[in-house]
Amino acid sequence: QVQLAESGGGFVEAGGSLRLSCSASGRTFSSYTMGWFRQAPGKEREFVARITWGVIPVYADSVKGRFTISRDSAKNTVYLQMNSLKPEDTAVYFCAAWRGRDSPSGNDSWGQGTQVTVSS
């Protein structure tokens with residue numbers, strides 16, 4: 001497994017932008033699918049975006065066209081650029097790393113989460 005640490009959350013007005021970062025430890029970073037998930041109060045955790053080497057990134061319909069996921073292997077970091085933010089994007093955002101499936105399990109690597117709050 002890899003160890004993950006998110007950063008970049010904060011408070012922003014609707015229409016604004018934030019960039020989240022997720023730094024990963026380990027020398028096999030490039031072999032993992034990296035993804036972002038979010039959990040709003042009272043709701044289940046939901047998929048946001050994922051990126052795998054050699055594969056087109058995948059996005060949830062709710063963020064398509066507004067969010068962009070990218071990765072920098074030299075820095076062992078994955079990013080989530082969030083533009084045109086809406087109040088419904090308010091949530092704790094988690095980074096995850098996994099291999100061999102389209103989605104991670106609870107036994108895969110997860111970060112501690114970073115809060116994103118979008119005011120109306």
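Predicted model: local features only at pLDDT ≥ 70, side-chain atom pairs only at ≥ 80, totals over all residues.
**Working chat: loop residues, disulfide and aromatic contacts**

Colleague: What is the relative accessible area of Ser84?

Modeller: Ser84 has a relative accessible area of 42%, so Ser84 is partly exposed. Buried means under 20% relative accessible area, exposed over 50%, and partly exposed in between, with a 1.4 Å probe and protein chains only.

Colleague: What about Asn76: what is its phi, and where does Asn76 lie?

Modeller: Asn76 also is not a glycine and has a positive phi of about 50°. Asn76 belongs to the loop between β7 (67-72) and β8 (77-82).

Colleague: Is Asn76 buried or exposed?

Modeller: Asn76 counts as buried, because its relative accessibility is 19%.

Colleague: Changing topic, how many disulfides are there?

Modeller: The count is 1 disulfide, taken as a pair of cysteine sulfur atoms within 2.5 Å. Cys22 is joined to Cys95, with 2.1 Å from S to S.

Colleague: Which parts of the chain does that link tie together?

Modeller: Cys22 lies in strand β3 (residues 18-24) and Cys95 in strand β9 (residues 91-98), so the pair ties together parts that are 73 residues apart in sequence.

Colleague: Is the link left-handed or right-handed, and are the two cysteines buried or exposed?

Modeller: The link of Cys22 and Cys95 is left-handed, with -80° about the S-S bond. Both Cys22 and Cys95 are buried.

Colleague: On to the rings: how many aromatic pairs are there?

Modeller: There are 3 aromatic pairs. Rings of Phe, Tyr and Trp (its six-membered ring) pair if their centres lie within 6.5 Å; planes under 30 degrees apart count as stacked, over 60 as edge-to-face and the rest as tilted. One of the pairs is formed by Phe37 and Phe47, edge-to-face at 5.7 Å centre to centre with 70° between the planes.

Colleague: Where do those two residues lie?

Modeller: Phe37 is in strand β4 (residues 33-39) and Phe47 in strand β5 (residues 46-51), so this pair ties together parts that are 10 residues apart in sequence. Phe37 counts as buried, at 8% relative accessibility, whereas Phe47 counts as partly exposed, at 25%.

Colleague: Which residues form the aromatic cluster?

Modeller: Phe37, Phe47, Trp98 and Trp110 form one cluster.

Colleague: And which rings does Arg45 lie over?

Modeller: Arg45 lies over the face of Phe94, at 4.0 Å from the ring centre. The charged end of Arg45 also sits over the ring of Trp110, 4.5 Å from its centre. The rule asks for NZ of Lys or CZ of Arg within 6 Å of the ring centre and within 35 degrees of the ring normal.

Colleague: Last item: where is Leu4, and how far is Leu4 from Ala60 in space?

Modeller: Leu4 is in strand β1 (residues 4-7) and counts as buried, at 11% relative accessibility. Leu4 and Ala60 are 22 Å apart in space, C-alpha to C-alpha, and 56 residues apart in sequence.

How values were computed:
Residues numbered from 1 in each chain as written. Heavy atoms only, no water. Helix = DSSP H or I, 4+ residues; strand = E, 2+ residues; numbered from the N terminus.
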